[in-house]
Amino acid sequence: MPSHTDKIYENELRELREKLLAMGAKVELAIASSVRALVERDTALARKVEEDDTEINREEVDIDDCCRRILALRQPAGSDLRFITTALKIVTDLERMGDLAVNIAERVVDLNAAPQLGSYADIVKLADLAQAQLKHALDAFVDGNPSAAQVVLKGDELVDAVYLKVFNELVGLMLEDSKNIRRATALMFVAKHLERLADHATNVAEMVIYMVKGTDVRHPHSRGLAEE
Amino acid sequence: MTAAVKIDVARLDAWFGRVHAVKGVSIQVPERGVLAVIGPSGCGKSTFLRCLNRMHELVPGARAAGRVLLDGDDVYGGSVDPVLLRRRVGMVFQRPNPFPAMSIRDNVIAGLKLNGLPRDTDEVLERCLTQAALWDEVKDRLGGSPLALSGGQQQRLCIARALAVEPEVLLMDEPASALDPIATARIEELIHELKERYTIVLVTHNMQQAARTSDLTAFFYLGELVECGPTEQIFTNPKESRTEDYVTGKFG
């Protein structure tokens, strides 16, 4: 693939890509840590996830600045323009994922203060799926691979199915004994946050398809237009 | 809504002596549309433009082949008078070129004088200068020299001069490249207003200008038309990789 005649511009685009990936890696770590804090009952780790989020927030602002600067000074077109608009959108998804990891960590702090309720096996399964969704979405972004992104879109169905299973299990625990309600509700929030995380990964994947192919697959309406 | 085709170019070739400057270009410009032609220097875009009103053949050794239809009639047809054709297809050049020895008034009506004066030159004068967005700035000094005008004003004077003979098509070859950003913005605004009445073909090196002003953009490279499509598509999602490389700055 040819590179830009203007090498400084080429570097600016490369730096932006690297910043997004670095931020994505931090978000992946935050999610993994928040779930590990639950499974290993490591409250200190949960608190660390909360603290580390400030760094993710800082990177969001930095990436926004980068995009604005390129838009103002370079007037990008074609695939560069699609890359910048994609970056502006997925940075918001990544930041939101960081917040969700913090939300999970907050619940984990409460949960770890009480005895464990039931097995966490399905929550771990849900967490693994959500993390894999994000990882694959980011890989698709790095490789500019729309078919890999398409796999992420398909993968969301399984996430939703596992979420529903966890939800029903927790409702069962609540019905069994009202003393379970507090912890089961907290776990339900954890599960919901994981399910939302996967939705944000789906958003990233949709934007990758737009970035590479220029077609908007986010909604049935825009999909229809794209197929015309 | 499908507008009628104003200019229909099919398999156009143009040469300067042995140099094949335009190679088999086919393009359609809808009535009251703005076509921007972009491409690196020497890609044939200005030559293409000059074939549309048969100015290309004025260069010694230059010739053109193929078909250029204006409202369905071949401009290269045997019975066509190139001088009359150029009244229908006016031209605005890169450097403002008002006639220096004439007043502002005489510049605007110069084309009319050649063709016999109309009944009411004052009416033509005001109409053309108004359409060229210059009237308010010069109405009190119509007898003055055009050289006292700024570059942007001179260019608008040249546009007014082109409009005086009531053309149907305006060809613009880098009309704003010698102007500052404010004067450029006025020319671009003027293009928006003029497309209400005229079909415009604009050659420009300024890709943002093409993006801002045109409905269709054609990308030329080495004399060939690489791609022509809706301007928004050319600048957000071009089909051809050579177009993509050019609009993203990956050439050479």
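How many helices and strands does the secondary structure of chain B come to? I count ten helices and ten strands in chain B, taking helices as DSSP runs of H or I with at least four residues and strands as runs of E with at least two, numbered from the N terminus. The radius of gyration of chain B, taken over C-alpha atoms, is 18 Å, close to the 18 Å that the globule rule gives for 252 residues, so chain B is as compact as a globular protein of that length; the rule is 2.2 Å times the number of residues to the power 0.38.

I note that the model is predicted, that local features need pLDDT of at least 70 and side-chain atom pairs pLDDT 80 or more, while totals for chains, interfaces and linings use all residues. Residues are numbered from 1 along each chain, chains are lettered from A and ligands numbered from 1 in the order written, and side-chain values use heavy atoms, without hydrogens and water.

Along its principal axes, the C-alpha trace of chain B spans about 55 × 45 × 40 Å. I find that 53% of its 252 residues count as buried, meaning under 20% relative accessible area with a 1.4 Å probe and protein chains only.

I then looked up helix α3 of chain B, residues 104–114, where the buried residues include Ile104(B), Asn107(B), Val108(B) and Leu112(B). Their cover includes α4 (121–131), α5 (135–138) and α6 (151–164) of chain B. After α3(B) comes Gly116(B), with a positive phi near 85°.

Definitions and conventions:
Buried means under 20% relative accessible area, exposed over 50%, partly exposed in between (1.4 Å probe, protein chains only). Contact means heavy atoms within 4.5 Å.
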